[in-house]
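Here's a quick walk through one protein model, with the cut-offs spelled out as we go. Have a look at the fold before reading on.

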Amino acid sequence: MENWQAWVAGATFLSVILLVMTEWIHLTVAAFLGALLLVFANVMTLTEAIEYVGGSYSTLALFFGVMVLVRAFEPTKIFDYLATQMVILAKGQGKRLLLGIVAITTPICAVLPNATTVMLLAPLIPPMAEEVGVDFVPLLILMVFVANSAGLLTIVGDPATFIVGDAINLSFMDYLMRLSLGGALAIVTLVLIIPFLFAPIWNKRLTDLEHLPHPKVNHPRVLALGGIIVAAVLTFFVVGELLPIRVSPAASALLGAALALLLAHQSKIDTVHNILRDVDWSTLLFFMSIFVLIGGLEKTGIIGSLSGLLAVILGQNILLGSLVLLLFVGLISSVVPNIPLVVAMVPLLKQYVVSVGLVGTEVLSPGFEGQFPAEVLPLFYAMMYGATLGGNGTLVGASSNIVAAGIAEQHGKRISFQTFLRYGIPVMLMQLLIAAIYIVGRFFLWR
C-alpha cells in the first residue's frame with residue numbers, strides 16, 4: 001500500500017477525533033466527512049467502504065431494531081409511568097435513585113449487550129430526573145458507566161468481550177471463572193465513586209412525593225402485546241444462538257421491530273412514518289462512518305504495523321505486555337468505539353504472539369478451534385478489560401455512550417464531549433487501576 005495513503009488515513013482519523021473532542025463540528029458530521037474523504041482521496045473505493053460497513057451489519061441491525069422497538073411503544077406512556085414508580089420507590093432521595101440505576105442496569109447488562117440495555121432503559125431517565133428536579137444528563141452518564149462496566153460480568157455482556165472471547169475460544173463458564181470477578185470489582189469501584197462524582201444528585205431530597213405527576217398507561221392492550229414482543233426478543237438475545245437453527249441478536253431485534261411497527265400501525269397508536277422518522281439516524285450514521293475510518297487504518301497497514309512495534313517493545317514479557325495492553329487499549333478505546341477497535345486489535349495481538357514465538361502460526365487460521373497456551377491468555381484478558389473500561393473515558397469511547405448522547409438530543413439536551421470527560425476520566429482511571437491489580441494478582445501472583 002502506498003505510503004501517502006497511510007498518511008491520509010491516519011491524518012483523517014486523528015482529525016476526526018480532534019473535531020469531536022473540540023466540538024467544532026457535530027460528531028456525526030465529522031465522522032461522515034472523514035469517511036467520505038478516504039473515498040475521494042482514493043484510499044479506498046466506495047465499494048470497499050460499503051463492505052467495511054457491511055462487515056459490521058450485526059451491530060447496526062441490532063441498534064436499528066431496538067430503536068424502532070422502543071420508539072413504537074412511546075405513545076403508551078409506559079416510560080413515564082415506570083420513571084414515576086422509580087422515584088416513588090427511591091422515596092425521592094437522590095442517593096437511592098443513583099444506586100437504583102446501578103441495581104437495575106447491572107443484572108440486565110450481564111446478559112444483554114450494554115448499548116441495547118441503554119436503549120431500553122435510557123428513556124426512563126429524562127422524565128425521572130424532571131420529577132426529582134435534577135439534570136438528566138449526569139444520570140444518563142451514570143447509566144452508561146454501569147452498562148459498560150457490567151458488560152464485563154459475562155462474555156455476552158459487551159460485544160467487545162464476546163469478540164475477543166470468541167477469537168481465543170473462551171467458553172461462557174471459563175469466562176465466569178476467570179474474568180467475572182474483575183467486572184464485579186469495576187462495579188464496586190464505580191459505586192464507591194458515585195457519592196463524590198454525582199454529589200449534587202446524591203444529596204438531593206424530594207420531600208413532597210404526593211404532588212408527583214402520576215401518568216397513566218395508555219393503550220393497555222397494545223402494551224400487553226408489546227410486552228410479549230419485547231419478552232420474545234430478549235429471550236432470543238440470550239438463547240437464540242444456542243438453538244438448532246441459530247437466531248442472531250440482530251435478527252431478533254429486526255423481527256421485534258417489524259412486529260412492533262405492525263402492532264402500532266394496526267392499533268393506530270402511531271404511524272409507521274412517525275416511528276421511523278424518530279429513529280436516531282445520526283447515531284447509526286456515526287457508527288457507519290467510524291467503521292469506514294477504522295477500515296482505512298486497517299487497509300493501509302497502520303494497524304498491522306503496530307504488531308511489529310509491540311514485538312520490539314515487549315518481547316516475551318507477558319506481565320509487562322498485559323499491563324501495557326491494558327493501558328494502551330484503555331486509552332485508545334476512550335477515543336475509538338470499542339467494537340471496531342477490538343475487531344482490528346484481535347488479529348494484531350494474534351500476530352504479535354506468533355511473531356515472538358509464544359504460539360504457532362496455526363492460531364492465525366480463521367477456523368482455528370484449539371486452545372491458546374495459558375501463559376499468553378492474560379494478554380487477551382487485558383485487551384478485554386481495556387477495551388470495555390476505557391470506553392468510560394470519553395463520549396465516543398463506547399457504543400452505549402453514543403446511544404445515550406443520541407437519546408439526550410432527542411430530549412432536548414446535548415451531552416458535550418467536555419461534560420462526559422469530566423465524569424469519565426476519573427472513572428476510567430480508577431477502573432483501569434483496579435483491573436491492573438486484578439490481572440496481576442489473578443494471573444501472575446495467585447494463579
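Is Glu48 buried, exposed or partly exposed? With a relative accessible area of 25%, Glu48 is partly exposed. The cut-offs here are under 20% relative accessible area for buried and over 50% for exposed, with partly exposed in between (1.4 Å probe, protein chains only).

## Ground rules

This is a predicted model, so local features need pLDDT of at least 70 and side-chain atom pairs count only at pLDDT 80 or more, while totals for chains, interfaces and linings use all residues. Residues are numbered from 1 along each chain as its sequence is written, and side-chain values use heavy atoms, with hydrogens and water left out.

## Salt bridges

Back to Glu48: its side chain meets that of Lys299 in a salt bridge, at 2.7 Å from N to O. Lys299 sits in helix H17 (residues 281-299) and Glu48 in helix H3, so the pair ties together parts that are 251 residues apart in sequence. Helices, by the way, are DSSP runs (H or I, at least four residues), numbered from the N terminus. Lys299 is partly exposed too, at 25% relative accessibility.

The whole structure holds 7 salt bridges, each being a side-chain nitrogen of Lys or Arg within 4 Å of a carboxyl oxygen of Asp or Glu. Some of them join up: Arg71, Glu74, Asp270, Arg277 and Asp278 are linked in a network. Within that group, Glu74 and Arg71 pair at 4.0 Å, N to O, and Arg277 pairs with Asp278 with the closest N and O atoms 3.3 Å apart. Arg71 is buried at 10% relative accessibility, whereas Glu74 is partly exposed at 37%. Asp278 is partly exposed as well, with a relative accessible area of 28%.

## A nonpolar patch

Which residues make the nonpolar surface patch? Val156, Phe162, Phe172, Met173, Leu176 and Met177 do, covering about 560 Å². To get into a patch, a residue needs over 30% relative accessible area and no salt bridge; nonpolar side chains (Val, Leu, Ile, Met, Phe, Trp, Tyr) are joined within 5 Å, and like charges within 9 Å. The areas come from the Shrake-Rupley method with a 1.4 Å probe, and for residues only the protein chains shown count as cover.

Helix H11 (residues 172-178) gives the most to this patch, with 4 residues. Leu176 is found in H11 and counts as partly exposed, at 31% relative accessibility.

Helix H21 (residues 377-389) has 13 residues and reaches 18 Å from its first C-alpha to its last, close to the 18 Å expected at 1.5 Å a residue. That expected span is 1.5 Å times one less than the number of residues. All told, 13 of the 13 residues of H21 are buried, so the helix is largely enclosed by the rest of the structure.

A cavity is a set of points on a 1 Å grid over the protein atoms alone where a 1.4 Å probe fits but cannot get out, and lining residues have an atom within 4 Å of a point. Points are joined across faces, edges and corners, and a volume is the space filled by probe spheres set on them. The largest cavity comes to about 60 Å³. Its lining includes Ile168, Asp174, Arg178, Phe372, Leu377 and Tyr381, and the elements giving two or more residues to it are H11 and H21.

Most residues other than glycine have a negative phi. Asn42, in the loop between helix H2 (27-40) and helix H3 (46-54), has a positive phi near 65°. Lys268 also has a positive phi, near 65°; this residue lies in the loop between helix H15 (249-267) and helix H16 (272-277) and is exposed, with a relative accessible area of 71%.

Ala398, in the loop between H21 and helix H22 (399-410), is buried with a relative accessible area of 1%. Ala398 and Ile339 are 59 residues apart in sequence, yet 7.7 Å apart in space, C-alpha to C-alpha. Over in helix H1 (residues 3-22), Leu14 is exposed at 59% relative accessible area.

Note on methods
On a 1 Å grid over the protein atoms alone, a cavity is a set of points where a 1.4 Å probe fits but cannot get out, and a pocket is an open set with protein on both sides within 12 Å along at least five of seven lines; lining residues have an atom within 4 Å of a point.
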